[in-house]
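Please consult the sequence and structure below before reading on.

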Amino acid sequence: VGYLDETFGDGGVVTAQLQSPQSMFPANLKILPNGDIMHCGTIHHSGDRPKTYIMKHRSDGSVDSSFGDNGYSSFLSNFRMFNSYLYVYPDGRLLIYGDRVGAFGIDQQKPSIVRVLANGTIDTSFGDSGWYVPDSSILAGTFFQVKVNADGSIIALGSRNTRDTVDFIYTPTITRISSAGRNDTSFGDAGTKIVGTQIDSGHIHTAIFYKDNRCIFSCGQPISSKIGLRMFSTDLNGVIDSSFGTNGVIEMQLSDDVDYITAIAEEPSGKLLCIADRLADGGRESILIRFSPDGTLDNSFGSYGVAASPTYTYEYSLTYLTLDSSMNILAAGHLYDSARYDYPIISHYHGNGTPDSSHGGDGTIKEMSKYMRVIYSIAVQSDGKYLVMGFNYASDDGRAIARICLNNNTGKAAVYPTSKNPSTPVSLHPTPSTDNCTVTYTLPTASKCTITLRDESGREVRTFVQDEYRTAGEHEEELDLRSLPIGAYFLQIVCNGSIQTAKLIKQ
């Protein structure tokens with residue numbers, strides 16, 4: 001329910017740190033099928049060129065010393081620290097993709113992929129000594145998403161610039177790469193095809209592959225002289241899907257400034273969930289938007305397809321989005337206070353777009369600032385727990401520290417902080433229970449209460465009380481357990497920011 005899981009690392013937190021004066025900037029996090037954890041990013045070292053790193057942890061947060069050099073590998077690459085992503089093969093090999101900055105800075109950034117073996121060493125059979133090298137006509141660009149086919153070939157979604165001008169003109173692209181890491185010259189222009197000729201220009205901000213071999217791009221592009229957001233759907237040959245939106249394109253203008261879609265997630269129903277960033281009252285804010293598979297707004301979500309994030313006094317931005325096994329929504333990002341100080345935030349929503357008040361009281365957890373300044377990646381484990389990764393600046397030397405935090409979403413009793421766990425315990429009778437059970441609990445003050453039941457994976461399976469007023473003192477509630485499958489559950493009582501839990505056995 002948003003509290004650190006003490007079984008992970010040191011009180012719920014793992015600090016991934018290298019020796020000074022090296023600085024580690026994490027970028028992307030993945031959970032392997034066996035529960036192990038991988039993350040990648042950039043290492044900066046005083047007086048040296050930046051390097052790409054990749055690090056492996058066991059599921060409990062401890063470093064897997066058998067991987068690479070005592071748990072991590074690094075190699076000279078000049079990847080930009082904010083644009084590197086991970087793809088994990090079933091056999092444990094890895095692709096790190098994004099962009100690679102040349103000797104003259106960001107103007108020389110190139111779309112790049114490096115393949116790494118399961119032991120952490122570069123796979124020199126791939127591309128040029130392990131690296132994919134783009135066609136020389138691409139002056140700049142990046143990859144945002146990759147798909148690996150059954151034959152090992154790669155399809156990469158990204159953007160590129162081929163015009164030698166002061167103001168680079170980026171265009172969305174699909175690139176096909178052989179399993180050996182070479183451009184598939186039979187496709188497009190030396191392996192790369194521009195997508196959507198009706199779109200003049202635009203840097204891709206996020207992209208996904210659909211299960212039906214479609215792909216979605218999101219760009220920020222001029223709409224009526226203002227930068228609005230565009231999303232478009234194509235097949236993997238770059239052919240626009242005319243059944244999506246209007247002739248394959250969604251256009252929206254959300255503010256009088258610049259609008260972007262910062263994250264996209266696909267729901268099993270085919271609906272498309274997005275985070276959009278817009279200007280509001282002089283600052284930035286993020287909203288959730290859900291589209292039907294055909295690109296129209298889903299009116300069953302939020303207010304006519306749009307759900308606003310919790311309102312803060314200062315501007316905020318959400319940049320990561322994922323769905324848990326119950327199709328609840330998890331978004332992460334940061335907000336600025338009046339002193340322009342970063343605070344990381346984790347927002348949790350029900351599937352209909354309403355904030356989940358059991359997380360942080362208003363649907364947002366804001367207590368992570370003691371561990372990190374900015375969140376860069378999140379992932380949901382098979383047991384429903386969340387991994388959250390970001391970095392902080394340590395003391396006076398500005399050295400970056402990556403921290404991996406595991407949040408408890410299982411409904412199991414959180415034994416800290418004490419303010420969240422009243423001294424009077426919850427009691428259940430009888431236990432084990434069959435068709436009915438009585439729960440007894442005490443409230444120090446009057447408040448609205450919500451009582452829910454979750455299974456061992458953290459899914460909410462039944463709501464007994466929803467935002468009902470209760471007076472201070474002892475209370476008893478009769479719970480109807482009929483039709484509930486036999487098994488172990490966790491009863492959760494949320495009242496006035498206080499969370500109490502108890503284990504319930506149905507037999």
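How many disulfides does the structure hold? In this predicted model, the number is zero. A disulfide would be a covalent bond between the sulfur atoms of two cysteines.

Three strands form an open sheet in the order 30-31-34, and their pairing is antiparallel. Strand 30, covering 427-429, and strand 34, covering 473-480, are the edge strands, each of which pairs on one side only. On average, neighbouring strands in this sheet are turned by 25° against each other, with direction ignored.

Between strand 30 and strand 31 (residues 436-443), the antiparallel pairing extends over three bridges. Within this part of the sheet, leucine 428 lies opposite valine 439 of strand 31. Strands of a sheet pair through backbone hydrogen bonds, in either a parallel or an antiparallel manner.

## Strands 4 and 5

Strand 4 (residues 37-44) and strand 5 run antiparallel and are joined by seven bridges. In this pairing, isoleucine 43 is found opposite lysine 51 of strand 5.

Strand 5 comprises residues 51-57 and is mostly covered, with six of its seven residues buried.

Definitions and conventions:
Residues numbered from 1 in each chain as written. Predicted model: local features only at pLDDT ≥ 70, side-chain atom pairs only at ≥ 80, totals over all residues. Heavy atoms only, no water. Pairing = 2+ DSSP bridges. Helix = DSSP H or I, 4+ residues; strand = E, 2+ residues; numbered from the N terminus. Axes fitted to C-alpha atoms, helices over the stretch in contact; angles between N-to-C directions. Disulfide = S-S within 2.5 Å. Buried < 20%, exposed > 50% of the residue type's maximum accessible area, 1.4 Å probe, protein only.
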